[in-house]
Amino acid sequence: LKRCQKILKPNGSLMVSGTFHVIYSIGYAMQQLNMKILNNITWQKPNPPPNLACRYFTHSTETIIWAAKNTKSKHKFNYELMKEINDDKQMKDVWVMTAPGKAEKNYGKHPTQKPLSLLDRLILAATDEGDLVLDAFNGSGTTGVSCIRTKRKYIGIEIQASYSKVARKRIKEYKKSKIDS
């Protein structure tokens, strides 16, 4: 978080997703860095994976913390666009979206892959066309595909070579499909 905060533009913001296992620690770390927590978005999955242990409630949500670089930041929020895509009503902070289906996992699976619809909304909410988006945990490249779809620039960082390969192939194929259509 500290490294991301350092390279973030003065009025930039970042979003971190996670389950209850880590999200509270992330929020606390953001507070320790004097970041300005803007929203807590809940992604509710109507089709969560089953709870195989049968010792807990089924995990059907993830939390996304949206934070600005610091308390003085004037973050970007495309309020009118969010209202427009929500049938001319204010966008709430609970979003019901299915987990990625087979079509989004054609190039390989990632255990924490997010749906394109979720990334599209997050990116549209906090950036403008032409802005640069960094995904420091690139995974299967969903953020990259979303940036192409929403006309943003993109940098993805991934430590695991196998996921990097999946992301590169996925993004390349998405770009090719746009040229062919």
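This is a predicted model: local features need pLDDT of at least 70, side-chain atom pairs count only at pLDDT 80 or more; totals for chains, interfaces and linings use all residues.

Trainee: How many of the 11 residues of helix α4 are buried?
Mentor: In α4 (residues 116-126), 8 of the 11 are buried, so the helix is largely enclosed by the rest of the structure. Buried means under 20% relative accessible area, exposed over 50% and partly exposed in between, with a 1.4 Å probe and protein chains only. Helices (H or I, at least four residues) and strands (E, at least two) are DSSP runs, numbered from the N terminus.

Trainee: Which residues of α4 are the buried ones?
Mentor: They are L116, L118, L119, D120, L122, I123, A125 and A126.

Trainee: Ok, zooming out. What pattern does the protein chain follow along the sequence?
Mentor: It reads α-β-α-β-β-α-β-α-β-α-β-α, which comes to 6 helices and 6 strands. The radius of gyration is 17 Å, close to the 16 Å that the globule rule gives for 181 residues, so the chain is as compact as a globular protein of that length. That radius is taken over C-alpha atoms, and the rule is 2.2 Å times the number of residues to the power 0.38. Of the 181 residues, 36% count as buried.

Trainee: Now the aromatics. How many aromatic pairs does the structure hold?
Mentor: There are 2. In one of them, the ring centres of W66 and F77 are 5.6 Å apart with the planes at 55°, so that pair is tilted. Rings of Phe, Tyr and Trp (its six-membered ring) pair if their centres lie within 6.5 Å; planes under 30 degrees apart are stacked, over 60 edge-to-face and the rest tilted.

Trainee: Which parts does the W66 and F77 pair tie together?
Mentor: W66 is in strand β3 (residues 61-68) and F77 in the loop between β3 and α3 (79-85), so the pair ties together parts 11 residues apart in sequence. W66 is buried at 4% relative accessible area, whereas F77 is partly exposed at 36%.

Trainee: And what does F77 form with Y79?
Mentor: An edge-to-face aromatic pair, 6.2 Å centre to centre and 65° between the planes. Y79 is partly exposed at 31%.

Trainee: Which charged end sits over the ring of W95?
Mentor: That of R121, 4.7 Å from the ring centre. The charged end of K45 sits over the ring of W43, also 4.7 Å from its centre. The criterion is NZ of Lys or CZ of Arg within 6 Å of the ring centre and within 35 degrees of the ring normal.

Trainee: Last one: where does K151 lie?
Mentor: In the loop between α5 (142-150) and β6 (153-156). K151 is exposed, with a relative accessible area of 53%. K151 and E129 are 22 residues apart in sequence and 5.3 Å apart in space, C-alpha to C-alpha.

How values were computed. Residues are numbered from 1 along each chain as its sequence is written. Side-chain values use heavy atoms; hydrogens and water are left out.
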